[in-house]
Amino acid sequence: ETVCIVENKPFGASPATKGVAWEVFVKRAVLGPGDPGDIYGGHSLQSQKAVEDLMREVERWSLEVQRHCPEDWNQFSAVLVQCLTGGSPKDAAPQFEV
């Protein structure tokens with residue numbers, strides 16, 4: 001059975017619980033593996049382990065995409081930066097050819 005890491009009950013978590021989980025994931029992504037108290041507050045060790053496991057898995061996939069599909073990674077990064085900064089898309093630079 002899959003259990004919600006915030007409420008320790010079967011999945012089908014409330015919107016408020018999903019919001020708390022999202023906040024923890026964002027804090028962990030932004031702050032890095034720093035002080036667990038700043039990231040997890042009073043959340044259980046089970047919750048902390050679940051978040052850390054997910055972060056390692058996301059990082060592993062991120063590195064795979066960067067290595068094997070660098071142009072896709074660059075496009076993704078550009079879109080992410082555009083979304084975060086509220087900018088508009090730039091014209092694609094011509095590909096370098098020799």
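A contact means that heavy atoms lie within 4.5 Å of each other. Keep that in mind as you work through these exercises on a predicted model, in which local features need pLDDT of at least 70, side-chain atom pairs count only at pLDDT 80 or more, and totals for chains, interfaces and linings use all residues. Residues are numbered from 1 along each chain as its sequence is written, and side-chain values use heavy atoms, with hydrogens and water left out.

**Exercise 1. Contacts and confidence**

Task: Find what share of the contacts between residues at least 6 apart in sequence join residues at least 24 apart, and find the average pLDDT of the protein chain.

Solution: 
- Step 1. Take the contacts in the protein chain between residues at least 6 apart in sequence; 26% of them join residues at least 24 apart.
- Step 2. Turn to pLDDT, the predictor's confidence in each residue, from 0 to 100. The protein chain averages 79, and 81% of the residues score at least 70.

**Exercise 2. The helices**

Task: Describe the pattern of elements along the protein chain, and say which element has the highest mean pLDDT.

Solution: 
- Step 1. Helices (H or I, at least four residues) and strands (E, at least two) are DSSP runs, numbered from the N terminus.
- Step 2. Count them: the protein chain has four helices and zero strands, giving the pattern α-α-α-α along the sequence.
- Step 3. Compare mean pLDDT: helix 3 (residues 45-68) has the highest, 89, while helix 1 (residues 15-31) has the lowest, 83.

**Exercise 3. The length and packing of helix 3**

Task: Compare the span of helix 3 with the expected span, then list its buried residues.

Solution: 
- Step 1. The expected span of a helix is 1.5 Å times one less than its number of residues.
- Step 2. With 24 residues, helix 3 reaches 35 Å from its first C-alpha to its last, close to the expected 34 Å.
- Step 3. Sort residues by relative accessible area: buried is under 20%, exposed is over 50%, and partly exposed is in between (1.4 Å probe, protein chains only).
- Step 4. In helix 3, the residues S47, Q48, V51, E52, M55 and S62 are buried. These buried residues pack against helix 1, helix 2 (36-40) and helix 4 (70-85).
- Step 5. For the whole protein chain, buried residues make up 15% of the 98 residues.
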